[in-house]
Amino acid sequence: MAKIVILNGSPRRNGKTASLVKAFVEGAESVGNEVKELYLQGMNIGGCLACEGCQRNGGTCVQKDDMQIVSEAFLWADVVVFASPQYWGTITGQLKIVIDRLYSVLFGSPKVKQFVVIMTARGNMYDMTEDFFSIFTRFLDWKNLGNVFGAGKEAEARILGASIR
């Protein structure tokens with residue numbers, strides 16, 4: 001079974017994104033997967049300093065903040081779920097900061113990842129989000145296991161979670 005980490009970039013702990021995440025977790029755990037969810041809004045994570053210290057330190061960031069928790073969970077996981085409401089056509093700042101900071105973890109990380117994107121929006125335009133993740137994950141040669149775009153799609157999220165093995 002898979003080890004899944006969810007990077008939840010929503011500022012609302014009980015909003016529409018959280019509802020989709022909950023359904024995804026139910027599906028994933030129903031088939032024996034192990035899931036850890038990190039609610040980024042409640043964490044102290046600073047932006048990347050572009051100091052390249054991680055390259056000199058074998059992949060260890062010079063900043064000592066809650067990103068260390070994210071890094072440990074990320075290295076543990078086989079699958080990464082990026083969850084976020086849509087802000088200005090793409091992900092929240094909370095999630096973007098973590099993705100930027102993953103640079104230090106990805107530096108020298110041999111583990112191949114698979115990913116899922118869960119996103120809600122007032123509308124149904126997800127083009128910029130799809131473009132962002134396509135570019136980001138193409139650099140890393142990651143495999144997309146599926147996406148859930150849109151509030152109220154808990155059944156779809158549950159099925160996607162259960163499809164991961």
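Begin by selecting the residues that line the second largest pocket: five are nonpolar, seven polar and three charged. In this division, Ala, Val, Leu, Ile, Met, Phe, Trp, Tyr, Cys and Pro count as nonpolar, Asp, Glu, Lys and Arg as charged, and the others, Gly among them, as polar. The model is predicted, so that local features need pLDDT of at least 70 and side-chain atom pairs count only at pLDDT 80 or more, whereas totals for chains, interfaces and linings use all residues. Residues are numbered from 1 along each chain as its sequence is written, and side-chain values use heavy atoms, with hydrogens and water left out.

Centre the view on G59, T60, C61, S71 and S104, which are the closest to its centre among the 15 lining residues. Helix 3 (67-76) and helix 4 (93-106) each contribute at least two residues to this lining, and helix 3 provides the largest share, four residues. Helices (H or I, at least four residues) and strands (E, at least two) are DSSP runs numbered from the N terminus.

A pocket is defined on a 1 Å grid over the protein atoms alone, as an open set of points where a 1.4 Å probe fits, with protein on both sides within 12 Å along at least five of seven lines; lining residues have an atom within 4 Å of a point.

Select R12, P85, Y87, T120 and R122, which lie nearest its centre among 13 lining residues. Its lining comprises four nonpolar, six polar and three charged residues.

From that group, keep T120, a residue of strand 4 (114-120). T120 is buried, at a relative accessible area of 6%; buried means under 20%, exposed over 50% and partly exposed in between, with a 1.4 Å probe and protein chains only. Beyond its neighbours within four places in sequence, T120 is in contact (heavy atoms within 4.5 Å) with K16, T17, L20, S84, P85, Q86, Y126, G150 and A151.

Return to helix 3 and show its buried residues, M67, V70, S71, A73, F74 and W76. They pack against strand 1 (3-8), strand 2, strand 3 and helix 4.

Now select K113, in the loop between helix 4 and strand 4. Is this lysine, K113, buried or exposed? K113 is buried, with a relative accessible area of 1%. Which backbone oxygens does the side chain of K113 reach? A polar atom of the K113 side chain lies 2.4 Å from the backbone oxygen of F74, and the side chain also reaches the backbone oxygen of A77 at 2.3 Å. A polar contact is a pair of N or O atoms within 3.5 Å; within protein, one must be able to donate a hydrogen and the other to accept it, and residues adjacent in sequence count only if both atoms are side-chain atoms.

Setting aside neighbours within four places in sequence, the contacts of K113 are F74, L75, A77, D78, V80, W142 and K143. Of these, L75 is 38 residues from K113 in sequence, with the C-alpha atoms 9.6 Å apart.

**The aromatic cluster**

Select F74, F82, F115, F132, F133, F136 and W142, which ring pairs link into a cluster. Rings of Phe, Tyr and Trp (its six-membered ring) pair if their centres lie within 6.5 Å; planes under 30 degrees apart count as stacked, over 60 as edge-to-face and the rest as tilted. The whole structure contains twelve aromatic pairs. In one of them, F82 and F133, the ring centres are 5.0 Å apart and the planes meet at 40°, so the pair is tilted. This pair joins distant parts of the chain, F82 in strand 3 (residues 79-85) and F133 in helix 5 (residues 127-140), 51 residues apart. Both partners are buried, F82 at 1% relative accessible area and F133 at 3%.

Helix 5 also holds S134, which is partly exposed at 36% relative accessibility. S134 and N144 are ten residues apart in sequence, with 8.8 Å between their C-alpha atoms.

Finish in the loop between strand 2 (34-39) and helix 2 (53-56), where A50 lies. Most residues other than glycine have a negative phi. A50, not a glycine, has a positive phi of about 55° and is exposed at 60% relative accessible area. E52 lies in that loop between strand 2 and helix 2; its phi is positive, about 65°, and E52 is partly exposed at 35%.
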